[in-house]
Amino acid sequence: MDSNSPNRGFICVSIPLENMNTISEKIMKAKEQGAEVVEIRLDYYPKILETDPSTLMPLIKCCDIPIIFTLRSASEGGKNGLHETARIAYIKSLIELKPNYIDLEARLPADILKSYYILAVQNSVKIIYSYHDFEKTPNIVNAQTLIYQI
């Protein structure tokens with residue numbers, strides 16, 4: 001695919017946030033090794049829901065590379081068994097930090113997805129809707145149905 005094409009994909013590196021003191025270094029290392037986007041898996045940080053979201057702002061600004069914040073639910077492969085109500089509230093705070101992207105599970109209730117969508121638009125944050133099936137890969141018809149349901 002032409003590297004100048006607006007429809008080309010990006011090389012994205014997923015980095016689990018395990019230690020606040022080393023995450024910026026990991027982002028820079030990923031960028032130096034060719035990453036064009038970095039996903040920060042916040043659900044790997046044991047005390048994420050106790051962490052003031054504003055302390056994550058330096059991660060957005062540190063490295064001149066687009067950042068995806070992901071706070072995955074346990075049912076979709078997330079770590080640390082986060083309480084769902086608190087996780088949902090925390091995601092709102094993450095969107096307000098204005099990362100380049102926020103990753104949202106497509107299985108969230110429609111009213112929550114709608115409120116996140118409105119907030120993301122207001123904050124110029126792009127949304128990645130994700131769907132995880134650990135049993136099988138959906139066929140093309142099922143995948144299109146999932147997309148249209150969002």
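What I am showing is a predicted model, in which local features need pLDDT of at least 70 and side-chain atom pairs count only at pLDDT 80 or more, while totals for chains, interfaces and linings use all residues. Residues are numbered from 1 along each chain as its sequence is written, and side-chain values use heavy atoms, with hydrogens and water left out.

Let me begin with the sheet. Helices (H or I, at least four residues) and strands (E, at least two) are DSSP runs numbered from the N terminus, and two strands are called paired if DSSP finds at least two bridges between them. On that basis there is an open sheet of five strands, ordered β1-β2-β3-β4-β5, with parallel pairing. The edges are taken by β1, residues 12-16, and by β5, each of which has a single partner strand, so one side of each is left without a neighbour in the sheet. Neighbouring strands of this sheet are turned by 25° against each other on average, direction ignored; axes here are lines fitted to C-alpha atoms, for helices over the stretch in contact, and angles run from 0 to 180 degrees between N-to-C directions.

Within the sheet, β2 (residues 37-41) and β3 (residues 67-70) pair in the parallel sense over four bridges, and I40 stands opposite F69 in β3. Further along, β4 (residues 101-105) pairs with β5 (residues 126-130), again in the parallel sense, over five bridges. From β4 the chain passes through helix α4, residues 110-122, to reach β5, and this β-α-β crossover is right-handed, meaning that, with the strands pointing away from the viewer, the path from the first strand over the helix to the second runs clockwise.

Which residues of α4 are buried? Taking buried as under 20% relative accessible area, exposed as over 50% and partly exposed as in between, with a 1.4 Å probe and protein chains only, they are I112, L113, Y116, L119 and A120. These residues cover an arc of only 130° around the axis, which puts them on the same side of α4, the arc being that of the directions from the helix axis to the C-beta atoms. They pack against α3 (84-96), β4 and β5, while A110, D111, K114, V121 and Q122, on the other side of α4, are exposed.

Turning to α3, its buried residues are R87, I88, Y90, I91, L94 and I95, and they cover an arc of only 165° around the axis, which puts them on the same side of α3. What covers them includes β3, β4 and α4. Just after α3, K98 takes a positive phi of about 65°.

Finally, F10 sits in the segment before β1 and counts as exposed, at 54% relative accessibility. Leaving aside neighbours within four places in sequence, F10 is in contact with E36 and V37.

How values were computed. Contact means heavy atoms within 4.5 Å.
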